[in-house]
Amino acid sequence: MDWDQNDMRSRFCHALSDMYKSEVPLYRDLIDVVWEADGKAIQDNQTNGSPKLINPDDVLPLRHRVERHGAIRLGTAHELATIRRMFAVMGMYPVGYYDLSLAGFPMHATAFRPKTQEALDKNPFRVFTTVLRMELLTEKTRALAQKALEQRIIFTPRLMGLLDIAESQGYLTPEQCTDFITNGLETFRWHSKATVTHDEYHQLKAEHPLIADIVSFPSSHINHLTPRTIDIDFVQQLMLDHGMPAKERIEGPPKRTCPILLRQTSFKALEETVYFRDLSGSYVKGSHTARFGEVEQRGYALTREGRQLYDQILDRVNVDSVKMGLNGSDYDKLLEDHFKEFPDSLSKLHDLKLAYFSYRLTSLGEQLAHEVMLKGEVSIQDLLAKGILSYEPLTYEDFLPLSAGGIFNSNLGSISLSKDLIRSADPDLDGFQRFLGTYVADEFHLYAEMQQVSLELCRQTLGLRSIFV
């Protein structure tokens with residue numbers, strides 16, 4: 001009996017969400033805020049004028065309501081290779097390489113997620129997964145980090161056994177699937193007892209707070225989960241209205257008629273009690289801040305040309321903001337002004353090939369397909385002009401490293417001593433893939449493939465020899 005990877009992913013996602021709600025009660029409150037914001041946003045778009053708050057669960061697609069992403073931080077090649085095996089059981093694969101040294105972090109990352117449109121439609125859960133770059137640490141800190149990481153095991157023996165079974169037999173029984181989820185959660189569970197002394201923790205933290213978070217604990221605890229919203233600006237305001245410790249600004253592109261890529265905000269990480277070992281082996285009380293709740297609003301996936309334009313505009317914004325000493329709302333105004341250069345209509349995004357789209361037959365197209373009236377080769381533009389095809393934008397399924405950096409920085413509260421060393425580093429995709437044990441898929445290729453698959457289905461249904469650009 002084969003297991004259903006989409007079902008496994010959904011079950012694990014829900015179990016992880018329940019665990020995180022119990023560990024971080026403010027995250028449960030955040031889910032309620034997002035529900036309220038989405039309900040009011042839908043209500044504002046209705047024309048019946050009903051004063052009753054609409055339940056977004058009754059209106060939004062299931063794909064939206066189940067969507068979450070999470071993030072974990074790993075320390076070693078073995079941890080990264082094993083987490084790859086674990087996510088593969090749930091139909092999640094490494095997509096995209098993220099060089100976080102650009103944001104001043106001694107880490108690089110990938111996103112484990114479904115790769116096909118069908119799997120994404122079933123459940124698009126994804127986990128942004130970083131691993132420590134030891135070569136970017138100073139010698140003393142590197143020795144301490146390696147010693148601490150060598151002594152921990154973040155996967156249960158039962159989970160390791162189930163991975164072997166899944167890979168050798170090609171399936172798990174229903175009982176084994178349940179065991180897999182139960183044991184898999186242990187890798188992400190929070191532990192309040194550190195594996196380092198208080199002095200060692202402060203040495204790690206002084207070099208970079210994220211090093212301390214990665215190295216000091218017996219698991220790769222989930223550091224945030226993220227619900228998706230249809231109106232992140234409204235969520236930001238509601239977070240403030242509810243007294244949540246919201247970060248000061250929304251990361252990512254400005255608010256637009258046609259949303260692109262990803263916008264994110266969060267409540268700031270809370271200070272949590274942690275117990276550190278002393279030289280006698282006893283535990284002393286301390287604290288640590290790492291875990292928070294994030295919210296995302298996902299827009300359209302951009303092509304390479306679209307992403308290049310986005311990056312060029314953002315670079316100019318950041319250069320100008322530094323020159324003028326702008327931040328907060330002044331930075332957001334500058335961002336909005338510069339991004340007027342980026343086309344903000346669906347037709348322009350399509351015709352200029354700045355975003356990826358999914359094509360489908362209109363009712364006229366369906367009629368023509370049944371009547372077998374089309375033959376030969378036809379252009380996309382001709383089919384669109386005649387009302388035979390329509391299109392809708394593909395959702396962006398990936399991440400923005402500088403936006404993630406903005407979220408992380410809002411939670412750190414101190415400056416890295418090794419910032420210059422980190423920011424002068426080059427990306428290391430080859431090293432990351434050696435740790436991973438496989439290649440990282442190119443996200444642009446996956447979007448282009450989904451776009452082409454949709455066009456091919458239209459071609460076959462219409463009986464055409466080809467549809468050309």
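The model is a predicted one, in which local features need pLDDT of at least 70 and side-chain atom pairs count only at pLDDT 80 or more, while totals for chains, interfaces and linings use all residues. Residues are numbered from 1 along each chain as its sequence is written, and side-chain values use heavy atoms, with hydrogens and water left out.

Select Arg228, Tyr300, Pro393, Leu394 and Thr395, which lie nearest the centre of the largest pocket among its 45 lining residues. A pocket here is an open set of points on a 1 Å grid over the protein atoms alone, where a 1.4 Å probe fits and protein lies on both sides within 12 Å along at least five of seven lines; lining residues have an atom within 4 Å of a point. The space in this pocket is about 1100 Å³, a volume being the space filled by probe spheres set on the points, which are joined across faces, edges and corners.

Next, colour domain 1 (5-300 + 396-438) and domain 3 (357-390 + 456-467): both give residues to the lining, so the largest pocket lies between them. These bounds come from an automatic or database domain assignment.

Then move to Leu400, in the loop between strand 13 and helix 17 (401-412); helices (H or I, at least four residues) and strands (E, at least two) are DSSP runs, numbered from the N terminus. Leu400 is buried, with a relative accessible area of 4%, where buried means under 20% with a 1.4 Å probe and protein chains only. Finally, show Gly252, which is 148 residues from Leu400 in sequence but 7.7 Å away in space, C-alpha to C-alpha.

Terms used: Buried means under 20% relative accessible area, exposed over 50%, partly exposed in between (1.4 Å probe, protein chains only).
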